[in-house]
Amino acid sequence: MIKVYKCIYIHLMKFEFLHFLHKAFRKFLGGKVIEILDPKLERCNASCKVATRISELAFQCTAPTKLDRPTMKEVAEILWNVRKEYISFLENQSGRPKGSL
C-alpha cells in the first residue's frame with residue numbers, strides 16, 4: 001500500500017514540476033520572465049537581463065534529448081559570463097572601479 005502512495009506522490013510531483021515548467025516557459029516566451037522571480041527581489045534592468053539569460057539556460061537544460069542540452073562545461077561558461085555581465089553592468093551604473101564589489 002505504501003508503494004502505491006509513494007508512486008502516486010512521485011507522479012504528482014512530476015506533474016507539478018512540468019506544470020510549473022510549462023507556465024514559466026509561457027512567461028519566458030511572452031517576455032515576462034520577471035514575473036517568475038521572487039517579488040522581493042529588486043526589479044532593475046540588470047536583474048531582468050540576468051533572469052532572461054538564466055531562463056534561456058534553464059530551458060536549454062530541460063531539452064528532451066541529450067544532444068539538445070548544453071554540457072556542464074557550457075553551462076558553467078554561460079553562468080560565468082552572466083555573472084561577469086551583471087558585475088560589469090553594476091559597475092557602470094555605480095561608477096565604481098572594477099574589483100570594489
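Helix α3 covers residues 72-94, a run of 23 residues, and spans 33 Å from its first C-alpha to its last, close to the 33 Å expected at 1.5 Å a residue. That expected span is 1.5 Å times one less than the number of residues in the helix. Helices are DSSP runs (H or I, at least four residues), numbered from the N terminus.

The model is predicted: local features need pLDDT of at least 70, side-chain atom pairs count only at pLDDT 80 or more, and totals for chains, interfaces and linings use all residues. Residues are numbered from 1 along each chain as its sequence is written, and side-chain values use heavy atoms, with hydrogens and water left out.

S47 lies in helix α2. With a relative accessible area of 15%, S47 is buried.

| Residue | Contacts beyond four places in sequence |
|---|---|
| S47 | I34, L37, E42, Y86 |
| L21 | F59, T62 |

L21 also belongs to the largest nonpolar core, which has 6 residues: L21, A24, F28, V33, A51 and F59. Helices α1 (2-29) and α2 each supply at least two residues of this core, and its largest share, 3 residues, comes from α1. A nonpolar core is a set of buried Ala, Val, Leu, Ile, Met, Phe, Trp, Tyr and Cys residues joined through side-chain atoms within 4.5 Å.

Definitions and conventions: Buried < 20%, exposed > 50% of the residue type's maximum accessible area, 1.4 Å probe, protein only. Contact = heavy atoms within 4.5 Å.
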